[in-house]
Amino acid sequence: MSEHPNELVAGHQFSDFESLLKRALSPVEPPKELEARLELTFGSLVDMAAEELEAWELSSMRDPRNWVRPVAAAAVGSGAAIGLVLVRTQRRRHKRRNESHGAVDLLSRTLRDFAREARRVADDVF
Amino acid sequence: MAASETTRAEKARLDETFSQLYKAHLRDVYSYSYYRVGNHHDAEDLTEQTFLQAYRHFERAQRESDGRPLRPWLIRIAHNLAANYYRDRARRPQTSIDDAGVISSPLTTEGLVEDRDDLKRILESVEQLPDDRREALIMRFALGMDNREIARALGRTDGATKVLLHRAIKQLEGIVKHAEGPTEP
């Protein structure tokens, strides 16, 4: 291994130790379910609904004929947000079940997780 | 109405670009998150939060990137979120990095048991490094980022990053040697 910092990057030539380090820190493939969940998140109509509302010109809101779309977008967005909260809450079910002491405790933990995820979705999306 | 159609078309184009960015760098963000927090569950959360935040600020980031790659920007978001993660929950990884996840994919193909011990020892030693040095090594070796990208992600100069990496490797080498114990002459 070289003593000089400049030689460290010259041509990206790795020493034996660096080669080992590269293998130890090999890239980690994300779980398929994470990919699916992210697709769901980005594909969700929450963002579309939020954008619809943001992009809507205030002036057009003076005309009641234009109220239908943003109201519909908000309704769809709310549905998608609830779906997202449910998906995220569902993810922790095994952990909750393992940690809970009885049905009441499990229910209480589930409600706590639901409330926490609802807050997070609200922070993330809106 | 024409203005709102233009806005919608612009938004669709932006979403498509973001989708490409997400597909290209999901593994990078996940790998970085995993090596930072040490377990898959929190790595998933961190990855999700990173992309959500990236999505929110994507338009501005793209405008200001001046054509430069956005990977350092993404990793910087993950870096900041990971810092918040530790601060908010007042915790560090409680166990060493789950080597089952690390040594599984590319390394099982090597099939060398003795190598696995070396690699495990290195991973454990990486966790003993100061945060900035550990992060630089993760970016360099797990994500394959060059010095300029790492510098942008860490908010340092190229020169400072080069020195940081050099010192990180030297320190890590020392820790690993110490862990191995005295060797036969």
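# Questions on a predicted model

Me: With 6 C-beta neighbours inside 10 Å, does B:Asp66 count as buried or exposed?
Reply: In this predicted model, B:Asp66 has 6 C-beta neighbours inside 10 Å. Because its count is 6, B:Asp66 is exposed.

Me: Where does B:Asp66 lie, and near what value is its phi?
Reply: B:Asp66 sits in the loop between helix 2 and helix 3 of chain B. Its phi is positive although the residue is not glycine. That phi is near 60°.

Me: How many helices does chain B have?
Reply: Along the sequence, chain B reads α-α-α-α-α-α-α-α-α. It contains zero strands. The number of helices in chain B is nine.

Me: What percentage of the 126 residues in chain A is buried?
Reply: For chain B, 35% of the 185 residues count as buried. In chain A, the buried part of the 126 residues is 14%.

Me: Which element of chain A has the highest confidence?
Reply: Chain A averages a pLDDT of 67, and 49% of its residues score at least 70. The lowest mean, 41, belongs to helix 1 (residues 5-9) of chain A. Over residues 1-11 of chain A, pLDDT stays under 50. The highest mean, 88, belongs to helix 2 (residues 16-24) of chain A.

Me: Which element of chain B has the highest mean pLDDT?
Reply: The average pLDDT of chain B is 83, with 79% of the residues at 70 or above. Helix 5 (residues 105-108) of chain B has the lowest mean, 44. The highest mean, 95, is that of helix 8 of chain B.

Me: How many contacts beyond near neighbours in sequence does the model have for residues 100-111 of chain B?
Reply: Over this stretch of chain B the pLDDT is below 50. Where pLDDT is low, the predicted coordinates should not be read in detail. With that caution, the number of contacts for residues 100-111 of chain B is 16.

Me: Does A:Ala24 count as buried or exposed?
Reply: A:Ala24 lies in helix 2 of chain A. Beyond four places in sequence, its contacts are B:Leu119, B:Ile122 and B:Leu123. A residue is buried if 20 or more other C-beta atoms lie within 10 Å of its own. Because A:Ala24 has 28 C-beta neighbours inside 10 Å, it is buried.

Me: How far apart are the end C-alpha atoms of helix 7 of chain B?
Reply: This helix has 12 residues, and at 1.5 Å a residue it should span 16 Å.

Me: Which residues does B:Met139 contact, leaving aside its neighbours within four places in sequence?
Reply: B:Met139 is one of the buried residues of helix 7 of chain B, together with others including B:Leu137, B:Ile138 and B:Phe141. Beyond its near neighbours in sequence, B:Met139 is in contact with B:Ile75, B:Met145, B:Ile150 and B:Ala153.

Me: How many of the eight residues of helix 8 of chain B are buried?
Reply: The buried residues of this helix are B:Asn147, B:Glu149, B:Ile150, B:Ala151, B:Arg152 and B:Ala153. Helix 8 of chain B is therefore mostly covered, and the number of its eight residues that are buried is six.

Me: Which residue with a positive phi follows helix 8 of chain B?
Reply: Just after helix 7 of chain B, B:Gly144 has a positive phi of about 70°. After helix 8 of chain B, a positive phi near 70° belongs to B:Gly155.

Methods:
Residues are numbered from 1 along each chain as its sequence is written. Chains are lettered from A and ligands numbered from 1 in the order in which they are written. This is a predicted model: local features need pLDDT of at least 70, side-chain atom pairs count only at pLDDT 80 or more; totals for chains, interfaces and linings use all residues. pLDDT is the predictor's confidence in each residue, from 0 to 100. Helices (H or I, at least four residues) and strands (E, at least two) are DSSP runs, numbered from the N terminus. Two residues are in contact if their C-beta atoms, placed from the backbone, lie within 7 Å. The expected span of a helix is 1.5 Å times one less than its number of residues. A residue is buried if 20 or more other C-beta atoms lie within 10 Å of its own, exposed if 12 or fewer, and partly exposed in between; C-beta atoms are placed from the backbone.
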